[in-house]
Each structure stands twice: as C-alpha cells, then as structure tokens.
Amino acid sequence: MKNSALFRLHFIVFLWGFTAILGKLIHANAQNLVFYRMLFAAVFLFVFIRIFKKQSIRVSKKLFWQLAAIGAFMALHWLCFFHSIKVSNVSIALSCLSLSTLFAAILEPVIFKRKIDVSEIVMGIVILFCMYLIFQTEFRYKEGIFYGVLTALFGTVFSVFNGRLYGKTSSGNIIFYEIFCGWAILSVFYILTGQVGQLNEISYRDLALVTLLAAVFTAYPMFESINLMKHITPFTLILTVNLEPIYGIILAYFIFGDSEHMSPVFYVASLVMILSIVANGIIKARKNARQIETQL
C-alpha cells in the first residue's frame, strides 16, 4: 500500500511539473489562461463534490470570506506564474518557486507566532545567493525572474494562511471555494476594467488545453494529494512536492529545445536550491523525531 501511495504521489508531482509545460503550449495570455483554468476547475470540483461524493458545500459566512481572500492570492500566484513563463521560459518560472521556502521561513513565525528556525535562515541565505547567480547569468530574463519571485511570494501567502483554515471544513470545500472565489474576483476585475471582450481572445485549441489543465493537472492532483495523506506522512508529501521544479525543468529541456537551454550556472544554482530545501526538510524531520522521543 505504501509503495502504491508513493507511486501515486510521484505521479501527481509529475503532473504538477507538467503544468508549466502546458502554460507554454497555451498561446493565450496569462490572464485568460488563469480565468478559464479557475472556471473549469471550479466546475469540475463542484460536480465531483456534489454529484459523485454527494457532500455538502455549505460553509459559514466568515469562513467563506476567509477562503475568498486566500483565493485572491491563489489567482495572483497563478497569474504571475504563467506570465513569468510567457515573458521568459519554464525553467526560470520553476526555479523561482524555490523562494517559497525562504518566504515561508519569514512569514510562518509571524503568522503562527513561533520562533525563527536558524536552519531556515541558513537555507534562505543559500537560496538568495543561488538566485543572485541566476539573475547575474540569465539577466535577459529579468522580467520573468521578477514575476517568478512574485509567484513564490503569493504562493507562500496562500499556503501559510491556508494552513490556518485546515479542519474548519472539508479539504474539498476549501479547494473549491478558493478556486471559485479566485475566478469570481478575476471576473469582477474584467467587468470593472471593461476588459470582458478580451475573454474571447482564446482559440478552441487553447480552450481544449486549458480544460485538460483544469481537470487532469489541477482538480485531480489536488484531490489525490488529500487522499494520499491517509497513507503517507505530511513530511513525505512536502519533500516530494519539492521535486516539481526538477520534473518541469527536465521536461521543458527536452520538449522545447533551445528556448529552454540555460547556462551551466543556472542548473547548478537550481540544483543547490532544491537540495538545500530537501536537506532542511530531513533535518527538521530528525529534530522533530528526537523531540518526540525526549517527551516519551
């Protein structure tokens, strides 16, 4: 059962890594891509929860508005991520995701009122140095790096505040309302700015790819990750999810060719960032295990 769960875990992380590939294959701009992705994903999630699972989606007004706020950050996260891909490439956008760990090391102690972890600070310095090297060697992608940094920031805010809502309703409801509210906020933005007409600027080919992105690479992995928590530890999930940039960068290298071929410094710096995150996770797991043994 555990081996089966690990295989399924790596499969959904592979799917998440392929999300960036689809982002480049879809010709529509980032705004239209995210608008339709969130719309279709919300529909798929609603059908799955209400029709297949036959579960209620009712939540309190207070929780609804909290989920709406987090959904706004989810929308910003995806907008910046896909725009980063559009103005640079897949490799740049994915490498910047490593900064999420650095931002989490800063935000989590503030939000959850815990002490700052020294190992997280050291890891953060390593990641900053690696990003500095990437910026120096890949300066031509400075706009993509800028939006990649924003991607990591908004993604961290979304994840940290999401952790505070865990257990207040079902995980399916949390995901559904965040995606639905993110889409609703984008809709209001289009209406207020008079840009509704731009939503027609998307081909049937792109709509088909966005539908695939929403169903197979968004709704399914999210629910599968929740189901896997019954068989694997949160540490294993988090550690494996850190492989997403590796899968994506390797896939992009072979699928898109020259546009994704980066300097050797980029690959070394990216690998160091990912390894530092993995090492920090292992150190934390051992530290927690020792604390539990001491208490026993």
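Helices are DSSP runs of at least four residues, and strands are runs of at least two. By this rule, the secondary structure of the protein chain comes to twelve helices and zero strands. The model is a predicted one. Read from the N terminus, the order of elements is α-α-α-α-α-α-α-α-α-α-α-α.

The overall dimensions were examined next. The protein chain has a radius of gyration of 19 Å. A compact globule of 296 residues would have a value near 19 Å, so the chain agrees with the globule rule. Along the principal axes, the C-alpha atoms fill a box of roughly 55 × 45 × 40 Å.

Contacts and burial describe the inside of the fold. Contacts were considered between residues at least 6 apart in sequence. Of these, 88% join residues at least 24 apart. Buried residues account for 47% of the 296 residues in the protein chain.

The surface was then considered. The accessible surface of the protein chain is about 15,200 Å². Carbon and sulfur atoms contribute 69% of this area. As for charge, the chain carries 24 positive and 13 negative side chains. The centres of the two sets lie 12 Å apart.

One annotated span comes from a database record. In an unreviewed entry, UniProt lists residues 12-135 as "domain: EamA". In the model, this span is 82% helix and 0% strand.

Two single residues were looked at in detail. Ile125 sits in helix H6, which covers residues 118-137. Its relative accessibility is 54%, and a residue counts as exposed over 50%, so Ile125 is exposed.

Most residues other than glycine have a negative phi. Phi of Lys54, in contrast, is near 55 degrees, a positive value in a residue other than glycine.

Methods: Residues numbered from 1 in each chain as written. Predicted model: local features only at pLDDT ≥ 70, side-chain atom pairs only at ≥ 80, totals over all residues. Heavy atoms only, no water. Rg over C-alpha atoms; globule rule 2.2 N^0.38 Å. Buried < 20%, exposed > 50% of the residue type's maximum accessible area, 1.4 Å probe, protein only. Contact = heavy atoms within 4.5 Å. Areas by Shrake-Rupley, 256 points an atom, 1.4 Å probe, with all protein chains shown as cover. Lys, Arg positive; Asp, Glu negative; His and termini not counted. Charge placed at Lys NZ, Arg CZ, Asp CG, Glu CD. UniProt positions renumbered as here; feature names shortened; annotations may be inferred.
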